[in-house]
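Dear colleague,

Please find below the structure that I am handing over to you. My notes on its backbone and on one of its helices follow.

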Amino acid sequence: MKLACWNVNSLKVRLPQVLQWLQDNPVDVLCLQETKLTDDKFPQAEIEAAGYHVAFSGQKTYNGVAILSRHPILDVVKNNPLFDDPQQRLLTATIAGIRVICAYIPNGQAPDTDKYHYKLAWLAALQQWLIEQQKTYPELALLGDYNIAPEDRDVYDPAAWLGQNLVSEPERAAFQAMLALPLHDAYRLFEQADKSFSWWDYRALGFRLNKGMRIDHILLSPSLATRCNACTIDRAPRKWEQPSDHAPVIAELT
DNA sequence: ATGGCTCCGTTGCGGAGA
């Protein structure tokens, strides 16, 4: 059982790459972020033709999330019932007995901006949603773009980024609060190479110089963490023509 | 040292991303 997530930065642009990647990596579940498509424009037929069920929640221009699955997608919940939010950033469903939560956590822009406060409020409401879902679903996985680099080793230049958006103390505290539920950062269950990142800026040769951040994560409930035998970041599609600025993260369960 | 790209929108160049 393989679970993956990928911020595709426009599914309209990236659909060929998503289909290619699924051919190369026939994961059971793929959570997409930043589809940037209204639901009437979602490429459902193409994805189903590739052998995947799909659930999606989109909006124009920004945000948008989707769950692709080889298995039936059940009990879908769009958005966070505990948080009134016009932005489409959260999608929850049950797949093969696992409660899968696909999240595009707000970017936050910069500390002390309205967007930053929205991010922290969004994270607090997500925490409450996780607590509620945990009661019903002991097997739970939260996958997506968190827009948080949890530790300094997840940042190419921690000194330059000190206190800034994506690494600030309140954001990291919100991430730690999710770990305390408890959930486990699948990537850190295993030995990983230094300077392992999931996002690289399009500018400044970010990818070539490996100036990146690890901000895309898969968190697993304890029962799933014990079943997890690998977690990797696939840098390959970041090297393709017209890439997303994010790479897919994959967790493999027994 | 600085900024460096990509995507969107009823196509202009500004907003957003991270």
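In what follows, helices (H or I, at least four residues) and strands (E, at least two) are DSSP runs, numbered from the N terminus. Please bear in mind that the model is predicted.

Backbone geometry

Most residues other than glycine have a negative phi, and most peptide bonds are trans.

Proline 182 belongs to the loop between helix H5 (169-179) and strand S9 (184-185).

Aspartate 75 counts as exposed because it has 11 C-beta neighbours inside 10 Å, and the limit for an exposed residue is 12 or fewer.

Glutamine 242 is placed in the loop between strand S13 (228-233) and strand S14 (249-253). With 8 C-beta neighbours inside 10 Å, glutamine 242 therefore counts as exposed.

Helix H3

Helix H3 (residues 114-136) has 23 residues. From its first C-alpha to its last, H3 reaches 34 Å, close to the 33 Å expected at 1.5 Å a residue. Buried residues in H3 are Lys119, Trp122, Leu123, Leu126, Trp129 and Leu130. The buried residues of this helix pack against strand S7 (98-104), strand S8 (140-145) and H5.

With kind regards

Terms used:
Residues are numbered from 1 along each chain as its sequence is written. Chains are lettered from A and ligands numbered from 1 in the order in which they are written. This is a predicted model: local features need pLDDT of at least 70, side-chain atom pairs count only at pLDDT 80 or more; totals for chains, interfaces and linings use all residues. A residue is buried if 20 or more other C-beta atoms lie within 10 Å of its own, exposed if 12 or fewer, and partly exposed in between; C-beta atoms are placed from the backbone. The expected span of a helix is 1.5 Å times one less than its number of residues. Two residues are in contact if their C-beta atoms, placed from the backbone, lie within 7 Å.
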